[in-house]
Amino acid sequence: MRELSLGLVRPIDAMRVWIQEVSVGVINGFVLGLLIGVVAWMWKGNPSLRLVIGGALGLNTIVAVSIAGVLPLLLQAHRPGPRGGQWPFAYYHN
């Protein structure tokens, strides 16, 4: 986001930004999923619950950083005008 506001990254760099964001998301997702999975396993004593909760949190983190990293670039490329990021909803609402 800082690079976008400073003009250091353009919409054409979306793939590079996505790869950087996903690499951070994989690390965060793995660590957070492992921690929460162990807590869930200790809490309920069910090892399959550990895998489900840990995997869901890990996948959720990866998807979240992917969207948060690439969406501003896609919005900048689309040049939505004065309504900013509301362009998909503005057409539906009217």
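The buried residues of helix α2 are A14, V17, V22, G25, G29, G33, G37 and A40. Buried means under 20% relative accessible area, exposed means over 50%, and partly exposed lies in between (1.4 Å probe, protein chains only). An α-helix has 3.6 residues a turn, so residues three or four places apart point the same way.

This is a predicted model, in which local features need pLDDT of at least 70, side-chain atom pairs count only at pLDDT 80 or more, and totals for chains, interfaces and linings use all residues. Residues are numbered from 1 along each chain as its sequence is written, and side-chain values use heavy atoms, with hydrogens and water left out.

The chain holds 4 helices and 0 strands. Its elements run α-α-α-α from the N terminus. Helices (H or I, at least four residues) and strands (E, at least two) are DSSP runs, numbered from the N terminus.

Helix α2 has 31 residues, which should span 45 Å at 1.5 Å a residue; its end C-alpha atoms are 42 Å apart, in agreement. The expected span is 1.5 Å times one less than the number of residues. Just after α2, G45 takes a positive phi of about 75 degrees.

| Residue | Relative accessible area | Class |
|---|---|---|
| V22 | 17% | buried |
| L34 | 48% | partly exposed |

L34 belongs to a nonpolar surface patch of about 910 Å². Patch residues have over 30% relative accessible area and no salt bridge; nonpolar side chains (Val, Leu, Ile, Met, Phe, Trp, Tyr) are joined within 5 Å, like charges within 9 Å. A salt bridge is a side-chain nitrogen of Lys or Arg within 4 Å of a carboxyl oxygen of Asp or Glu.

Now the whole chain. Of its 94 residues, 22% count as buried. The chain exposes about 7200 Å², and carbon and sulfur atoms supply 70% of that. Areas come from the Shrake-Rupley method with a 1.4 Å probe; for residues, only the protein chains shown count as cover.

The mean pLDDT (the predictor's confidence in each residue, from 0 to 100) is 75 for the chain, and 72% of the residues score at least 70. Where pLDDT is low, the predicted coordinates should not be read in detail.
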